[in-house]
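Dear colleague,

Here is the structure I promised to hand over, and below it I have written what was found in it. Please keep it open beside you as you read.

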Amino acid sequence: MNANVDLTGVVLETDRLIIREWSEMDLEDFFEYAKVDGVGQMAGWNPHTSIQESKTILEMFINEKMTFALELKKNHKVIGSLGLETLSLLLRDEYENLVGRELGYVLSKEYWGKGLMPEAVNRVIKFCFEQENYDYLMCSHFVINSQSKRVIEKSGFRFVKENTQIARDGHEYISLYYVLDNPLKKN
């Protein structure tokens with residue numbers, strides 16, 4: 001079952017990142033990484049072709065209140081996003097009455113391979129389990145996305161299922177799904 005999400009006013013920090021809600025002031029930074037070939041495709045969406053396209057999606061992020069902006073502390077540039085998405089797969093019966101969300105994330109190509117996404121994901125996991133009291137989190141990646149697989153593994157998720165899904169770009173992908181149970185909850 002989907003947990004309730006409202007990230008209004010939530011600000012999380014790591015050594016290198018400020019994880020916060022989106023603002024209209026983030027439009028230029030968002031478009032800068034969203035238009036780069038190879039970034040969106042890893043998450044199932046095509047590169048943005050105009051700043052207006054980015055503005056429409058940014059407005060959705062702001063209104064839905066379930067996606068964090070990832071701001072680099074050293075230069076206050078937004079370099080990615082991390083969302084607490086609607087669950088895209090039903091898990092076994094044991095999860096039927098439990099609440100969780102599915103993590104979805106994207107990072108500017110310029111910052112790949114620097115450990116920033118595992119840093120952000122682990123901080124958001126802590127927030128979801130300790131402050132929001134979620135029972136579990138899910139995460140998935142396309143089989144072609146080895147970078148996302150490494151983030152998921154580094155964050156302690158365990159593999160549960162392979163499934164085919166239709167992404168936002170309209171293509172069908174084979175995805176691998178993982179789950180992470182809240183260690184603070186008694187089984």
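Strand 5 gives the most to the lining of the largest pocket, with six residues, where strands (E, at least two residues) and helices (H or I, at least four) are DSSP runs numbered from the N terminus. This is a predicted model, in which local features need pLDDT of at least 70 and side-chain atom pairs count only at pLDDT 80 or more, while totals for chains, interfaces and linings use all residues. Residues are numbered from 1 along each chain as its sequence is written, and side-chain values use heavy atoms, with hydrogens and water left out.

The lining has 46 residues, and those nearest the centre of the pocket are Met-42, Ala-43, Gly-104, Tyr-105 and Val-106. Among the elements that each supply at least two lining residues are helix 2 (51-64), helix 3 (116-131) and strand 7 (158-166). The space in this pocket comes to about 1,100 Å³. A pocket here is an open set of points on a 1 Å grid where a 1.4 Å probe fits, with protein on both sides within 12 Å along at least five of seven lines, and lining residues have an atom within 4 Å of a point; the volume is the space filled by probe spheres set on the points.

As for disulfides (pairs of cysteine sulfur atoms within 2.5 Å), the structure holds zero. The sulfur of Cys-128 has its closest cysteine sulfur in Cys-139, 11 Å away, and so is too far for a bond. Cys-128 is buried (under 20% relative accessible area, with a 1.4 Å probe and protein chains only), at 0%, and Cys-139 is also buried, at 1%.

Best wishes

Technical notes
Buried means under 20% relative accessible area, exposed over 50%, partly exposed in between (1.4 Å probe, protein chains only).
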